[in-house]
Amino acid sequence: MAIWISRSITRIFNHSLQRACPLSLFHQRSSRPFSYFESTKGREQIECPHNYEKDNYHVEINLDENQVSKDLAVKMYRTMVTLQIMDSIFDEAKKQGRLSFYLTTVGEEVINIASAAALTPEDIVLPQYREPGVLLWRGFTLQEFANQLLGNKGDNGKGRQMPIHYGSNKLNYFTVSSTIATQLPQAVGVAYSLKMDKKEACVVTYFGDGTTSEGDFHAALNFAAVLEVPVIFLCRNNGWAISTPVAEQFRSDGIAIKGQGYGVRSIRVDGNDALAVYSAIRSARKMAIKEQRPILVEAMAYRVGDHASSDDSTKYRSMEEIEYRRRRSSVARFRKWIQKNGWWSDEDEFEFRGNIREQVLQAIQAAEEEEKPPLVDLFTDVYDQIPSNLQEQERYIRDAIKRRPKEYPSNIPL
């Protein structure tokens with residue numbers, strides 16, 4: 001069974017900028033493999049950034065807006081805005097040469113925050129690299145983000161990871177790994193441990209559409225289905241695997257259909273709609289834990305920003321396309337909803353954005369002034385007793401520093 005969850009009624013699938021993925025390959029049977037769940041309550045029309053067809057085989061349901069209270073909705077929006085401002089300032093800091101690398105979530109803030117809001121602190125997250133909003137929602141501070149990006153002694157990873165490779169044992173958030181798709185089979189293993197311990201929790205692992213072209217994606221889905229573990233595979237289908245559009249990656253009807261081959265229940269959700277994402281992940285979590293089964297969720301979105309600070313996306317898509325998507329901000333869409341309910345105002349917006357901007361600037365300045373981790377941390381935290389080959393390497397480095405002290409950074413304690 002596959003499910004489509006959205007809160008808009010028409011024009012969901014119109015998008016002239018993305019080439020079609022032919023669905024005729026999957027229409028050989030008498031019934032369509034997907035049931036599209038749509039809200040009977042209208043909202044402003046949105047356009048899906050992927051040209052997947054919609055037919056008459058759909059079911060209409062009501063997504064109850066009342067399940068998102070004023071306090072929850074305002075917290076979600078404030079966290080989305082914080083993520084936006086954090087991305088903007090840190091990305092600018094990279095362009096100024098103050099950071100060596102950065103990666104934004106522009107266009108996918110709603111998926112980050114709404115999915116995180118639907119989870120509990122006991123649920124374990126294995127991220128890809130475009131989910132800092134999940135960590136932000138869980139309580140990772142702006143100072144902790146800045147410390148990681150600058151690799152100072154306040155960094156949980158002690159400066160041994162690339163920037164944006166966050167992690168927090170306290171917040172049940174596994175450290176980001178650069179290698180694509182490795183977190184998926186790992187997530188299945190973590191979910192199996194929850195199952196054995198009979199925990200009332202699940203695992204959520206995030207990834208992009210490009211990850212589904214990796215073998216680990218298929219191995220993980222099969223592994224999860226066979227072991228019947230409580231894991232949510234949350235795919236951010238943002239239309240691009242760096243410079244490769246989805247039309248050049250696969251000919252299937254998106255990602256959700258891929259779960260069917262492995263016996264994994266699948267949901268497709270409008271990733272631009274915070275309430276739809278919240279409802280989808282909340283339902284997926286309930287099914288995963290209660291029924292002890294894996295769930296695949298495909299959140300449809302569009303990556304507005306470059307893949308990373310090392311990428312220039314205008315080399316493979318037009319500036320007009322980027323600006324077209326930027327003007328259709330899913331965060332602005334959610335703001336309209338909370339303002340319509342009387343929970344937010346223009347004055348709130350102005351004051352909050354100013355305060356967060358000041359906090360982020362203070363955090364990055366403090367992180368720059370902090371000392372780097374000591375030299376010895378290059379060799380600790382792996383072995384209980386440091387082996388002889390690493391001891392030899394440490395002696396070599398220290399001898400090199402003695403010979404050329406001026407070539408060694410002065411802010412790294414020896």
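Let me start with Phe334, which touches Ala73, Met76, Tyr77, Met80, Ala274 and Leu275, leaving aside residues up to four places away in sequence. Contact here means heavy atoms within 4.5 Å.

This is a predicted model, in which local features need pLDDT of at least 70 and side-chain atom pairs count only at pLDDT 80 or more, while totals for chains, interfaces and linings use all residues. Residues are numbered from 1 along each chain as its sequence is written, and side-chain values use heavy atoms, with hydrogens and water left out.

Back to Phe334. Together with Met76, Phe90 and Val297, Phe334 touches the most other members of the largest nonpolar core, which has 77 residues. A nonpolar core is a set of buried Ala, Val, Leu, Ile, Met, Phe, Trp, Tyr and Cys residues joined through side-chain atoms within 4.5 Å. Buried means under 20% relative accessible area, exposed over 50%, and partly exposed in between, with a 1.4 Å probe and protein chains only. The largest share of this core, 13 residues, comes from helix α1, residues 70–95. Helices (H or I, at least four residues) and strands (E, at least two) are DSSP runs, numbered from the N terminus. There is also a second, separate core of 25 residues, with Leu126, Phe250, Val264 and Leu296 among them.

Staying with helix α1, Thr82 is found there. Is Thr82 buried or exposed? Thr82 counts as buried because its relative accessibility is 9%. Its contacts, again not counting residues up to four places away in sequence, are Leu136, Leu142, Phe352 and Ile356.

Next, strand β10, residues 295–300. Six of its six residues are buried, so β10 is largely enclosed by the rest of the structure. Ile295, Val297 and Ala299 lie on one side, and Leu296, Glu298 and Met300 on the other.

Which strands pair with β10? Pairing requires that DSSP finds at least two bridges between two strands. β6 pairs with β10 in the parallel sense over six bridges, and Asn237 stands opposite Met300. β9, residues 265–270, also runs parallel to β10 and is joined to it by six bridges; here Ser266 stands opposite Leu296.

Last, helix α5, residues 183–196. Its buried residues are Gln183, Leu184, Ala187, Val188, Val190, Ala191 and Leu194. They are on the same side of α5 because they cover an arc of only 165 degrees around the axis, the arc being that of the directions from the helix axis to the C-beta atoms. These buried residues pack against β4, β5, α6 and β6.
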